[in-house]
Amino acid sequence: MSTTQSPKILVVDDDQAMRQLLIEYLAGHGITADGTGTVAEATAAVQEKSYDLVLLDLGLPDGDGADLARRWRQETTMSIICITGRTEEADMVMGLELGADDYVTKPFSLREILARMRAVLRRAGHSVQTPVTRGKHPRAYQFGGWNLNLNTRRLTAPDSRNVSLTNAEFNLLVVFLGTPGRIISREKLLESTRAFDDIYDRAIDVQILRLRRKLEVDPKNPTLLRTERGAGYFLDTEIETLWG
């Protein structure tokens, strides 16, 4: 039976940064989600509330997510999408044989996750094209004379030039624009971007340098994307979010 209510979602991932990233992204699309990081917490959450869909990381610190998926498939009617770093075909087949409705490997695109969720929910009879999901996510950012269109991934300079961005540069810039005025540590940047790109350790500093070369008049003396020594980086400008 279909429903016009927003679906109830549970995100189960022991990586707190990843879990929060997923929850915030879904919230931006009108979908409220709860989060847990262990088998015990997830079990308690499902006993307490009736969820429509669970995003389940198979690698949990206090047990096997596969066992959890198998039990939920027997005891509940909620949909399950497995999320894992395991990329072997045998693992994917195992996930689906557990009764999972879909299987996504890391690193992944958040847009892909949302699309797969909507497809699974539609198959289960839930309406996900509701007014709540419209007009609730950013379509563009304006900052320091620049404009970043999230739909076309086009960055326009103050002088109207189109500036090309690599995937890593685009995703890094979105993180800064989504957290205006905040100093973001290298560790947090790693956590926030690794869902999109295989970025590790000092590579963040390299991406910052490359982004500065495109945004700054003088990359060696940045006034826009600045460094707070010992703390991290921050975008030093007013940011206007355009919603669509």
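How many helices and strands does the protein have? It has 8 helices and 14 strands. Helices are DSSP runs of H or I with at least four residues, strands are runs of E with at least two, and both are numbered from the N terminus.

This is a predicted model, in which local features need pLDDT of at least 70 and side-chain atom pairs count only at pLDDT 80 or more, while totals for chains, interfaces and linings use all residues. Residues are numbered from 1 along each chain as its sequence is written, and side-chain values use heavy atoms, with hydrogens and water left out.

View 1. Of the 244 residues, 46% count as buried. Buried means under 20% relative accessible area, exposed over 50%, and partly exposed in between (1.4 Å probe, protein chains only). Among contacts (heavy atoms within 4.5 Å) with a separation of 6 or more, 57% are between residues 24 or more positions apart.

**View 2. An open sheet of 5 strands.** The order is β11-β10-β9-β8-β14, with antiparallel pairing. β11 (162–163) and β14 (239–243) are the edge strands; each has a single partner strand, so one side of each lacks a neighbour in the sheet. Two strands pair if DSSP finds at least two bridges between them. Strand β8 (residues 138–143) and β14 run antiparallel and are joined by 5 bridges. Phenylalanine 143 has isoleucine 239 of β14 as its bridge partner. Helix α6 (residues 167–178) packs on the sheet and touches β8, β9 (146–149), β10 (154–156) and β14. The directions of α6 and β9 make about 110°. Axes are lines fitted to C-alpha atoms, for helices over the stretch in contact; angles run from 0 to 180 degrees between N-to-C directions.

**View 3. Glutamate 169 in helix α6.** Glutamate 169 lies in α6. Its relative accessibility is 4%, so it counts as buried. Beyond residues up to four places away in sequence, glutamate 169 touches Ser164, Gln207, Arg210, Leu211 and Lys214. Leucine 209 is 40 residues from glutamate 169 in sequence; their C-alpha atoms are 9.9 Å apart.

**View 4. Helices α2 and α3.** The axes of α2 (residues 39–48) and α3 (residues 65–75) come within 11 Å and cross at roughly 15°. That makes the two helices roughly parallel (angles under 35 degrees). Val39, Ala42, Thr43 and Val46 of α2 meet Leu68, Arg71 and Trp72 of α3.

Terms used: Parallel < 35°, antiparallel > 145°, perpendicular 65-115°, else oblique.
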